[in-house]
Amino acid sequence: MERINQRLGALSALPVVLFLAAGFLAPLIVVAAFSMMPQKVFSLANLPDFSSYAIMVKEGYWESLLVSLAMALAATLILFVICWPLAFAMAKVFGRFTLVLTIGVVMTLFVSENIRLFGWVLTLMKGGLIEGYWRTWTGQSFDGLLYNVPVIIFGLVYVYLPFMLFPLAQGISMVPDDARQAAFDLGANRWQIFREVELPLAAPGIMVGCLITFVLTAGAIAESKLLGGRAVIVISDEIERAFTYGQNWPLGSALAVTLIGVVGTLAIFGVSRIDLDAIMGRRR
Amino acid sequence: MHLNRRQFAKCVGAAAGLAALGPAGKAFAARDKEMNILCWEGYNTDNVLGPFRKAFPGVTTRAESGTSDPDMINKLRAGELKVWDLINVNQPWARQQLFPENLIKPLNKERFLPYFAKMSPEFSAPYPLAFAESGELIGMPQRYGPFSFVVNTDKISRETAEDQGWSLFLDPKMKGRYGVLTYDNWNVIHLCMTAGIDPFKAVDDAGVKKFTDTTKAVFEGAKMLSDDLVAMNTALINGEIDAYFTGGTYTASPARFDGANNIRAITPKSGPVDGKGGCVWIELTSVVNNPDGSPRAEDFLEFVQKGEIAKAVSFAEGTYNPVSQMGDPETFKLWNTAELDAIQWDSLGEELKRSVDFSVVPNYDDLLKIYTAAKRR
């Protein structure tokens, strides 16, 4: 009976498995296959020569990958520091006001990322909101605040804030108040409670928030283009350029596969260390 | 209605069968009632499509605007050959990529050659780059424009910019005062010009060295890079930069039409290509080699030759550009003074004389590698 059940289970899952294979895996496989092709071909009917990977190393594309990963790491750390107090307040302090805050943060996602970033361009540019008012009030002018690396990281922090905030709030809500109070009663100070009670108990939320923001920021492109004036070239920019102006699909695919590989490994490593069931509120 | 499981399965089976037959049936139907255009912004506006829809009632016309030539070409390469009937890209992409790879097909010369006679003098010969090496007419030219660089004339006078030409960007005084509009293929051509090399001839080792040094110097001196012409114009207007490398009437016209007449596209007076230092782009609209192409494609191509439609294409939305049909005096009357000023009509003739058509860059791949590496630093 059990075997029949298993077989039936597999059979019922088949349509979804096929759908996933066609819609999710197939494009990835095509990209992976293209990445092995000789330079500048547009069909998979060629003998693989892996030249794109060699070019990637030889011609410095790895630098863009490092730049993207470093900025993603910086943005993730900054987001964690900014979001922790806010998430703590949402989970433990604000009560009903949390809903208002949640709606407020979610609302920003309804506006296209490019439009929000262009709003910042108008704020930060020379003659924009900040420099313009400063010049009017003080008579002194300074260069705009755009086109550098810190402003790109600022853009990443701004755009990806909700993706850190909500998992973090979820994680913090898993820390029982009793545990914190018990720690207080036993003489722990605020820092000890944070380090030894809250951080470990909220770890699944922290891990999910960090993973999501890191993965998204590593592949972000608009912040570097709009705010950064391409002060540095990010890996997604290189991928886009290879597919378009470069007309070199294999190189673009190799860059994409490498990015997916690096980020995917980090994600799998992270996910394997957390208990997803716990964060979903289910017991095993 | 009560449906049991068996009946339901039957219905689903029948529906699936019909769905499978559907597209097959459609593929064999003549597509004279629909037409799809893949184009740069302009041809997809109501000003252009509206009159066509009125003239051809019952024909479903769809247009999608691409953000770059290679983006649009990628769509055809990725299997959308069956979707599109017309494609509108810059001349070198049509001649070097689309036609050799059978993605577009030749036009009917008897039908289209007569339209060249009424075009501006540069095109009426007819325009040689609308033809493939083998002599076939591969597309109709309409929008065009000089494309070199753009300055704010309040900071750098037109005369200075034209006299100094490309070396403006190597002037130590300009360090940190200009941006680079990163249209990669154009940048490569313009960097060659800045290095004093003819991009349309094979570049030797000494030339590659010069190109490398120039590219590094231009990127090091640039305050910002962007592939967005609005961002460039904004930075130019608010004084963040005083010039941008790679630009022309196409990029300057929206700012000029908004009243910023100090933003001006510049064509250098001299340069390394037979003494010329400017470049000009020309779009070709071509018929896609769609196995089931719509006969309305050539009708549309003919339709946009009309004066008022050519005007609508010239002043569609986003950017404003001269069109080859302005050579006809009757058509020319449709532009007012402000519009002519936006597209720098006053100097267009002399700018074209100082410009070369952009064509094959023999060392493009090698130069692009150097360019990409320099941009990263």
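Q: Why is Gln6(A) called exposed?
A: This is a predicted model, and in it Gln6(A) has 10 other C-beta atoms within 10 Å. A residue counts as exposed at 12 or fewer, so Gln6(A) is exposed.

Q: Where is Gln6(A) found?
A: Gln6(A) sits in helix α1 of chain A, which covers residues 2–35.

Q: How many residues lie between Gln6(A) and Glu223(A) in sequence, and what is the gap in space?
A: Gln6(A) and Glu223(A) are 217 residues apart in sequence. From C-alpha to C-alpha, they are 49 Å apart in space.

Q: What makes up the secondary structure of chain A?
A: Chain A has 14 helices and zero strands. Reading along the sequence gives the pattern α-α-α-α-α-α-α-α-α-α-α-α-α-α. As for its extent, the C-alpha trace spans about 85 × 70 × 35 Å along its principal axes.

Q: What percentage of the residues of chain A count as buried?
A: Chain A has 284 residues, and 33% of them count as buried. The cut-off for that label is 20 or more other C-beta atoms within 10 Å.

Q: Which share of the contacts in chain A between residues at least 6 apart in sequence join residues at least 24 apart?
A: That share is 73%.

Q: Why are α8(A) and α9(A) called roughly antiparallel?
A: Helix α8 (residues 177–185) and helix α9 (residues 190–201) of chain A pack at an angle of about 165 degrees, and their axes are 10 Å apart. Angles over 145 degrees count as roughly antiparallel, so α8(A) is roughly antiparallel to α9(A). The crossing of these two helices is right-handed.

Q: Which residues meet where α8(A) packs on α9(A)?
A: From α8(A) come Ala179(A), Arg180(A), Ala183(A) and Phe184(A), and they meet Ile193(A), Val197(A) and Leu201(A) in α9(A). Sorted by class, this contact has six nonpolar, no polar and one charged residues.

Q: Which residues make the contact of α2(B) with α12(B)?
A: Asn47(B), Val48(B) and Pro51(B) come from α2(B), while α12(B) brings Ile309(B), Ala312(B) and Val313(B).

Q: How is chain B divided into domains?
A: Domain 1 takes 34–143 + 283–346, and domain 2 takes 145–279 + 358–376. The C-alpha centres of these two domains of chain B lie 27 Å apart. Where the domains touch, domain 1 gives eleven residues and domain 2 gives 13 residues. On the domain 1 side, α4 (91–98) and α14 (337–342) of chain B are the elements that give two or more residues. That side has five nonpolar, five polar and one charged residues.

Q: How many residues does each chain give to the contact between chain A and chain B?
A: Chain A gives 21 residues and chain B gives 23 residues. On the chain A side, α3 (61–93), α11 (222–227) and α12 (235–243) each supply at least two residues. By class, the chain A side has seven nonpolar, eight polar and six charged residues.

Technical notes:
Residues numbered from 1 in each chain as written. Chains lettered and ligands numbered in written order. Predicted model: local features only at pLDDT ≥ 70, side-chain atom pairs only at ≥ 80, totals over all residues. Contact = placed C-beta atoms within 7 Å. Helix = DSSP H or I, 4+ residues; strand = E, 2+ residues; numbered from the N terminus. Nonpolar A, V, L, I, M, F, W, Y, C, P; charged D, E, K, R; others polar. Domains from an automatic or database assignment. Axes fitted to C-alpha atoms, helices over the stretch in contact; angles between N-to-C directions. Parallel < 35°, antiparallel > 145°, perpendicular 65-115°, else oblique. Left-handed = near helix turned anticlockwise from the far one by under 90°.
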